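Subject: Structure handover

Hi,

Here is the structure I promised to pass on. My notes follow below it.

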Amino acid sequence: MAVSTIAGKTIGFALEYSLGHVTHAQNLKATVARGRSVDPVYVELDYHDQSQAWQRLPGVRSNWSLRASLGAYRGLRPHARRLQAALFHTQVTSLLSAGLMRRIPSLISLDATPEQYDALGAHYGHAVGKGKLEEFKKRMNCRAFAAARHLITWSEWAKGSLVRDYGVPSDKVTVIPPGIDTETWDFAAERSARHRQGGGREVCFLFVGGDFARKGGDTLLEAFAQLPAGLPARLSIVTKSDIGKQAEEISRRTGRAITVWNGLKPNSPELRQRFAEADVFVFPSLADCLPLAVMEALSAGLPVITTHVGALSEAVEDGVCGRVVPAENASALTQVIAAVAGDPEGCRRMGGRAREVAKERFDATRNYRRLVSLVEGVAE
């Protein structure tokens with residue numbers, strides 16, 4: 001856990017650092033740093049950090065909700081008298097701070113509710129408890145949601161669950177998707193230069209997902225192995241998972257180029273280069289909420305092939321800025337990949353619309369300013 005302060009309204013930010021929330025926290029902090037209206041107190045809650053003795057206590061060490069919410073409370077409590085507002089992201093950081101939230105005007109932001117996470121949990125290695133334990137967890141979440149002045153969700157999908165499953169009034173919830181720097185992720189010049197080079201070039205499909213299996217990587221490799229011979233398609237994979245031998249075997253068997261990139265950092269030049277080189281983003285996820293990688297792909301002007309999971313089909317309108325297929329269906333994915341690869345003009349048209357969607361809905365400057373403005377409004 002790290003705590004830092006940087007003038008204006010003094011606002012606490014308890015930020016979860018896990019999976020895609022790392023990029024979200026970085027983008028939020030960058031927006032705050034560019035402004036002058038907020039004096040932030042950051043409590044950074046790293047999923048992998050167990051450097052403090054209390055983080056290693058039995059019952060705490062293995063329970064992320066307890067570790068994150070206790071860390072947020074310990075980090076914000078010393079600053080409570082001077083804080084004018086607080087933002088907790090995600091709801092797991094807020095569970096032990098209901099009393100604090102009643103004294104300090106607070107907001108909770110989240111990408112998915114616990115109910116939704118439980119429904120997707122098997123793919124995250126998350127086991128759903130039974131009986132009284134689950135009832136207790138729901139009471140804790142309801143208590144935190146009630147203590148907050150306002151709630152922010154990344155999607156209508158998540159807002160719907162708050163209203164339906166937790167009884168939160170609809171007007172207490174504002175949908176603000178996370179955002180990305182759409183100018184940084186604009187590769188139109190590079191793509192135009194490639195297209196001017198003329199015919200014969202293979203269509204480059206890009207997959208980005210740290211957890212290869214959960215993001216549908218196995219389904220993707222199976223689908224690529226089934227593509228018709230002679231189809232001009234190659235695959236670039238960015239992942240943390242060790243799938244080199246698996247990819248090599250399919251590449252050898254099919255004669256298709258499959259390149260695996262490990263260790264690329266979020267927002268890094270190396271990662272952006274992969275997007276610049278690609279023609280289509282393929283993301284057949286089995287379990288997700290609203291991943292930033294999809295927003296990066298849309299901003300990069302890439303048609304997105306994805307699945308009916310979480311809020312993915314909310315971001316990608318089928319046939320407009322990409323295609324949406326059933327999860328874990330390699331045959332359906334093969335058909336869509338082949339159709340997109342065989343229609344260069346349609347691919348470019350969807351890519352152009354993808355870029356427009358990113359600028360309209362997922363621009364970091366606009367979305368994070370909205371978020372910070374909402375927090376400042378609560379402080380007033």
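Helix α11 (residues 292–299) and helix α14 (residues 344–361) have axes that come within 7 Å and cross at roughly 120°. That makes α11 oblique to α14. Angles under 35 degrees count as roughly parallel, over 145 as roughly antiparallel, 65 to 115 as roughly perpendicular and the rest as oblique. Axes are lines fitted to C-alpha atoms, for helices over the stretch in contact, and angles run from 0 to 180 degrees between N-to-C directions. Helices (H or I, at least four residues) and strands (E, at least two) are DSSP runs, numbered from the N terminus.

From α11, Met295, Leu298 and Ser299 meet Ala354, Arg355, Val357 and Ala358 of α14. Contact means heavy atoms within 4.5 Å. The residues of this contact divide into 5 nonpolar, 1 polar and 1 charged. Here Ala, Val, Leu, Ile, Met, Phe, Trp, Tyr, Cys and Pro count as nonpolar, Asp, Glu, Lys and Arg as charged, and the others, Gly among them, as polar.

Before going on, the ground rules. This is a predicted model, so local features need pLDDT of at least 70 and side-chain atom pairs count only at pLDDT 80 or more, while totals for chains, interfaces and linings use all residues. Residues are numbered from 1 along each chain as its sequence is written, and side-chain values use heavy atoms, with hydrogens and water left out.

Next, the sheet. Its 6 strands form an open sheet in the order β10-β9-β8-β11-β12-β13, with parallel pairing. Two strands pair if DSSP finds at least two bridges between them. β10 (258–261) and β13 (322–325) are the edge strands, each pairing on one side only. The twist averages 20° from one strand to the next.

β12 (residues 304–307) pairs with β13 in the parallel sense over 4 bridges. Thr307 stands opposite Val325 in β13. Helix α13 (residues 330–341) packs on the sheet and touches β8, β11, β12 and β13. The direction of α13 makes about 165° with that of β13. Helix α10 (residues 269–277) lies across β8 (203–208), β9 (233–238), β10 and β11 (280–283). α10 runs at about 145° to β8.

Now β6. Buried means under 20% relative accessible area, exposed over 50%, partly exposed in between (1.4 Å probe, protein chains only). β5 and β6 run parallel, joined by 4 bridges. Leu151 in β6 is the bridge partner of Ile108. β6 also pairs with β7 in the parallel sense, over 3 bridges. There, Thr153 stands opposite Val175 in β7.

Helix α6 (residues 156–166) has Ala158, Lys159, Ser161, Leu162 and Tyr166 as its buried residues. They cover an arc of only 160° around the axis, which puts them on the same side of α6. The arc is that of the directions from the helix axis to the C-beta atoms. These buried residues pack against β5 (106–110), α4 (114–120), α5 (131–147), β6 (150–153) and β7 (173–175). Gly167 follows α6 and has a positive phi, near 65°.

Last, Leu371 in helix α15 (residues 364–379). Leu371 counts as buried because its relative accessibility is 3%. Leu371 touches His24, Leu28, Leu87, Ile152 and Ile176, not counting residues up to four places away in sequence. Leu371 and Pro177 are 194 residues apart in sequence and 9.4 Å apart in space, C-alpha to C-alpha.

Best wishes
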